[in-house]
Amino acid sequence: MASVVTKKQLIVTVDDSVNVANVTRAIKMLRGVVDIHSAETKKKPTLCNPETGEHLNKKTMKVIDDVRNGKEEMISYSSVDDFEKAMRSL
């Protein structure tokens, strides 16, 4: 009876400061390593509050993206006074 060999994946994430070639070489030295692939992850852009250093949450970023892509209605005002009048009328 033949035994079935299963393969498992290990995903290693490193930051930009790490030399990927060195990590790849070190992993290849481990017993049982069959194959190694490397890929870059795409980061979604976020906005950051410069005073607090906090990033906007996903829901807020989605609204911003929807406005930029024309999926969400955008209202603009010619002055702060017009904006204030509109907000007071709500």
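1. Let's start with Tyr77: with a relative accessible area of 33%, Tyr77 is partly exposed (buried is under 20%, exposed over 50%, partly exposed in between, using a 1.4 Å probe and protein chains only). Keep in mind that this is a predicted model, where local features need pLDDT of at least 70, side-chain atom pairs count only at pLDDT 80 or more, and totals for chains, interfaces and linings use all residues. Residues are numbered from 1 along each chain as its sequence is written, and side-chain values use heavy atoms, leaving out hydrogens and water.

2. Which ring pairs with Tyr77, and how do the planes sit? There is one aromatic pair here (ring centres of Phe, Tyr or the six-membered ring of Trp within 6.5 Å; planes under 30 degrees apart are stacked, over 60 edge-to-face, the rest tilted). Tyr77 and Phe83 have ring centres 5.4 Å apart and planes at 70 degrees, so the pair is edge-to-face. Phe83 is partly exposed too, at 39%.

3. Now look at helix H2, residues 58–68 (helices are DSSP runs of H or I, at least four residues, numbered from the N terminus). Asn57 caps its N-terminal end, with a side-chain oxygen 3.3 Å from the backbone nitrogen of Lys59. Just after H2, Gly70 has a positive phi of about 80 degrees.

4. Further on, Glu73 sits in the loop between H2 and helix H3 (80–88). Is Glu73 buried or exposed? It's exposed, at 68% relative accessibility. The C-alpha atoms of Glu73 and Val63 are 10.0 Å apart, with the two residues ten apart along the chain.

5. Finally, find Val18 in the segment before helix H1 (20–28). Val18 is partly exposed, at 31%.

Conventions: Helix = DSSP H or I, 4+ residues; strand = E, 2+ residues; numbered from the N terminus. Polar contact = N/O pair within 3.5 Å; in protein donor to acceptor, adjacent residues only side chain to side chain.
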